[in-house]
Each structure stands twice: as C-alpha cells, then as structure tokens.
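We will go one stop at a time, with something to select at each.

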Amino acid sequence: MRRMTSFNVVSLTVGFAFLYIPMLILVIYSFNASKLVTVWGGFSTKWYGELLQNEAFLDAAWVTIKVGLISSTIATILGTMAAFVLVRSGRFFGRTLFSGMIYAPLVMPEVITGLSLLLLFISIGLPRGVMTIVLAHATFSMCYVSVVVSSRMASFDRSLEEAAYDLGCTGWDAFKSVTLPIIAPAVISGWLLAFTLSLDDLVIASFTAGPSSTTLPIKIFSSVRLGVSPEINALSTIIIAIVTVGVITASITSKRAIVKQQREEQMATP
Amino acid sequence: MRRLLISIPYLWLLILFLVPFGIVLKIALSDVALSIPPYTPQLDLSEGWTGFRAFWAELDLENFWFLTEDDLYWKAYLSSLKIALIATFLTLLVGFPIAYGMANAPDHWRPTLMLLIILPFWTSFLIRVYAWIGILSNEGFLNQFLIWTGIIAEPAKILNTDIAVYIGIVYTYLPFMVLPIYATLEKLDGTLLEAAEDLGCTRIQAFWSVTAPLSKPGIIAGCFLVFIPALGEFVIPSLLGGSDTLMIGKVLWEEFFSNRDWPVASAVAVILLLILVVPIILFQRNEQKQREAEQ
C-alpha cells in the first residue's frame, strides 16, 4: 500500500530544491557579465574565455586528468583482483587483515590517509609529483573498486564458468570469455568511481603533490580561499555539465546492458 | 596462480596502507627537531642492533602528553564530536522525509528520483561546498532574500560561523543518509501498514509503530555514514567555518602545513583514529546484523 501524500510531495520538492538550487545559482552566475558574483550585470560568456586562457588552470586540469586516468586504471586492476580474493579464495593466511585493509580506507579520514602516505614517501625518499599522487589515489580507490566488483561477484552463477571448463577452456580463456563479460558492468562502474574519486580529491592530493604537480582541486581550493570568483563559477559549470552528461549516459547504457543480459540469460536457459 | 592473485593486492595494501600507519605511529612518538625531515630520532640501520636500541630508547609519549596539556586539542576533539553529532542529526531530519517520499513515489518515478539523489555525489565535493560561499556571504543570495522578504533588516553573518559548517555537512552528505534509509523503506511490507490501520491506528500512529522501527537499520547506517567522515572533515570547516570553528581535521592540517610540527600532527592523527574505532565497529555490527536478518 503505497500512497503519495501531500507531505511526501512537499518533502521531495523541498529536498530536491535544496540539493539543486545552489548548483543552479552557480551555473547561472557563471554567465554574469559583472565581476561581482552576487549582482547580475547582464549575460556574458567572457569568464569562459578568460578561463581557457588561464595557463595555470589548464596545466592543473591536464595533471588531474593524467592522474585520474592512470590511477583509476591501476585501481581497477588491483581492485578486481582483490574482489576475486575476497569472494573466491576461501581461507588463507592473513585473510582478516586483508579484508580489514580493503574496508578501512573507506572510512579513514582523508587527512590521516594523506598524512601517512606523505610520511611514507618522505621516508623512502620518493620525490613528490604526479607519481606519488597516482600511488595514493590508486590505493584508496582500489578499495572502492573491490567493494563494487565483489558485490557483483557474490551473485555470480559459477556453473557458467564450470561449463566453460567442461568445454575445454583454460583458466585464462574461461576468465576472458565468461567471467569478464559478466562482471564487466561492475568493473566499468568501479573504474568510473575510481576516476571520479581521483578527480575530486583535494586533501590526499595536497599532502602527496609536489610543487610542480598541482591538481585542479588544489588550484580551485587555493583560489576559493581568497573568495568567490566568476572564473571558478565557469569552471564549476563545465565540470557539472560533464558529470551530468556522463552520469545520465552511464545510467542509460547500463540499463540497456542489464536488459540485454537478462534477455540472453533467458534465451540460454531452456 | 592463486598465490600471485592474492599477493599482488596484499603487498600493495601492506606497503601503501599498513606501513604508512606504522610510520605515523613512530613519528608520533618522536621529538620535533629543526632538521629535514623535522623530527628525531632517525632509524639508522647501518649501526645494526645498537642503532635500533638507541632509536627505541628515544621514543616516548611526550607528544600525547602535550596534547592533553594544551587545551586547544581537547577543545578541537570535543567540538568536532559536537559538530559531527549535530550535523548528523540535522542530516537525518532533512534526509528521512526525502527517503520516505521516494519510497512512496510511484514505481516509474523511482529510477529518476534515485538518479537525482546520486547525481550530486558524482559532482565535485569542492564545487558543492564552494556553491554555498556565494549563498551564505554577507551580500549573498540568502541575505538578499531574507532582507527582501523583510524577515531581517540587516544582513546576518552566516558564512564563517558554525551554522555554515552545519549547512555544508548536511548538503554534501545528504545522499549518504537518504540512500540507506530509502533501501530499508523500499523493502517495507505495505500490508503491515494496512494491518495497523485496520486495527484502528491513524496514519501517524501507524508510521510511529510500524514504519519508524522497521527503518531503524537504515537510519543507523545512514547516521554512521555521515558521522564518521564528518568527524575528520577538513574542506567544509576551512571554507565555510570561521577562524574559531575548531575541527580536528583542520587542526591536523595546520599543525602539519603551517607549524610544520610533524610529531604533533601524527599524534593528533593517532588519537582521531582511536576515537573513530568505536563508531566504525558499531557500524560494522549494524551492517552484519542487517545481513543476517536478510538471510
């Protein structure tokens, strides 16, 4: 018995207004001609032009994308391996420690993760730069990837894999042609999650970055500390637009993939 | 093959997660010094066993005593706990009605509502906090609106106060509260509510005696998911809070970057972690109970 009451309608409307109005204001005022961020001075796209000429922002954006692509790829490979270990490997020496190390970074305050990694890099004498940020990001995102992938693997029908073995597949063949296609949606969403976490991270990157490897969040943070600026509004709008398009596309394609997979599974069962 | 599969992620996590903690603990027990890196003693492996013993003898709990003596740290821990608790409660107040509305919405709306809740989570955290600076400042939109409606005559100072920090936490962590509550409400058996109403309950009574107790696991999970990260939060208090907003994440950051006192920063980290152990264990118990209940 589910009925929408007027209370439900009001709370949904107010709730979503609370979530979206701040971002809407940000987007609208990125097209403001005035330098004053809270006074409307007519429509203009000049802040986007200025943003695209700002070398410091472009450099930082490039570093961020590079770090995001490399670290999320490493995180996806390691996280998928860790998911296999968690779901398939049964008991082995140090299993409790292993699963503890997978779940702990999810609840660890970022300041502690950042501090501890920085102290590690300094004590082994690794110079700070893109490499150290990649290592840091890959480490905490692999835990998120392994949680996403292992929840998909828990509902995995192992008889499909056994069938592949019976039909003469080797271990790698069976993985490539049966296991991977089935867990692929989870692996892809794990990669996307890792990539987003990396693009988003300020605290851990601030600890592990060197002077020549400023990422976009570090750059945004240092300029936001000085106050609101229309250039940052323009940058935020670009990021919001990319994320919105990305999330909607991903949700549509994954819905299609699920429907397709269900149809194939139905056809496979007599 | 199996051994290789286990050892690669295992070694990675050991080296980049566990070992760094050992180092934090070691530096928390060291003394601050004017050198690079700025602490002593340094472990000198070339001297062998005697070097190790000398190193061990120099470690002490001095930094932890320092934390108990200077009341800045006490106040920062207590005020972080207070801010995180109040913010979690406020997030529950805002989040529960949203989750409840989503659970009662018609089936074909739900995927869209779900997407609308998740979308902000994928958008940059920093940008979502930044959006509030323009709203809460003295000439900001909220003050303009309140003056326009005649509620206040003078702009109120909201940015750089604890209130702004509460708003920031509620806003950024709202999806973490809504999603687990929605997950329990969605599974709720509607016939229980019908039974309650047949037995003479009003809708409000039925809500308090059926819906509220059955959604408890989701509420508990949501509260921990907000409370745990809010306790060590750095970005929100440093952008929205004032200079008198004390939160332990901010104190750690300043000890490290501004005062360059690595041993004290490490000691602060160790204690923050010890404080977090209790809610994390409670959270995992709650999750486990829920899983067992489902089976």
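Start where the two chains meet: select the 62 residues of chain B and the 57 residues of chain A that form the contact, where two residues are in contact if their C-beta atoms, placed from the backbone, lie within 7 Å. On the chain B side, the helices that each supply at least two residues include α1 (2-28), α4 (71-104), α6 (125-136) and α14 (262-294). Helices here are DSSP runs (H or I, at least four residues) and strands are E runs of at least two, numbered from the N terminus. Colour α1(B) separately, as α1(B) gives the most to this side, with 17 residues. Colouring by class, you will find 50 nonpolar, nine polar and three charged residues on the side of chain B that touches chain A. For that colouring, Ala, Val, Leu, Ile, Met, Phe, Trp, Tyr, Cys and Pro count as nonpolar, Asp, Glu, Lys and Arg as charged, and the others, Gly among them, as polar.

A note on what you have open: this is a predicted model, in which local features need pLDDT of at least 70 and side-chain atom pairs count only at pLDDT 80 or more, while totals for chains, interfaces and linings use all residues. Residues are numbered from 1 along each chain as its sequence is written, and chains are lettered from A and ligands numbered from 1 in the order in which they are written.

Ten residues of domain 1 of chain B touch eight of domain 2 of chain B. On the domain 1 side, α1(B) brings the largest share, four residues.

Now pick α5 (110-122) and α8 (162-187) of chain B, which pack at about 145 degrees with axes 9 Å apart. Axes are lines fitted to C-alpha atoms, for helices over the stretch in contact, and angles run from 0 to 180 degrees between N-to-C directions. Which residues meet here? B:Ile117, B:Ile118, B:Pro120 and B:Phe121 in α5(B) meet B:Pro175, B:Val178 and B:Leu179 in α8(B). That makes seven nonpolar, no polar and no charged residues.

Finally, move to chain A, with its eleven helices and zero strands. Its C-alpha trace spans about 70 × 60 × 35 Å along its principal axes. Zoom in on A:Ala184, where α8(A) bends by about 55 degrees, with a proline, A:Pro185, following within four residues; the bend is the angle between axes fitted to the seven residues ending there and the seven starting there.
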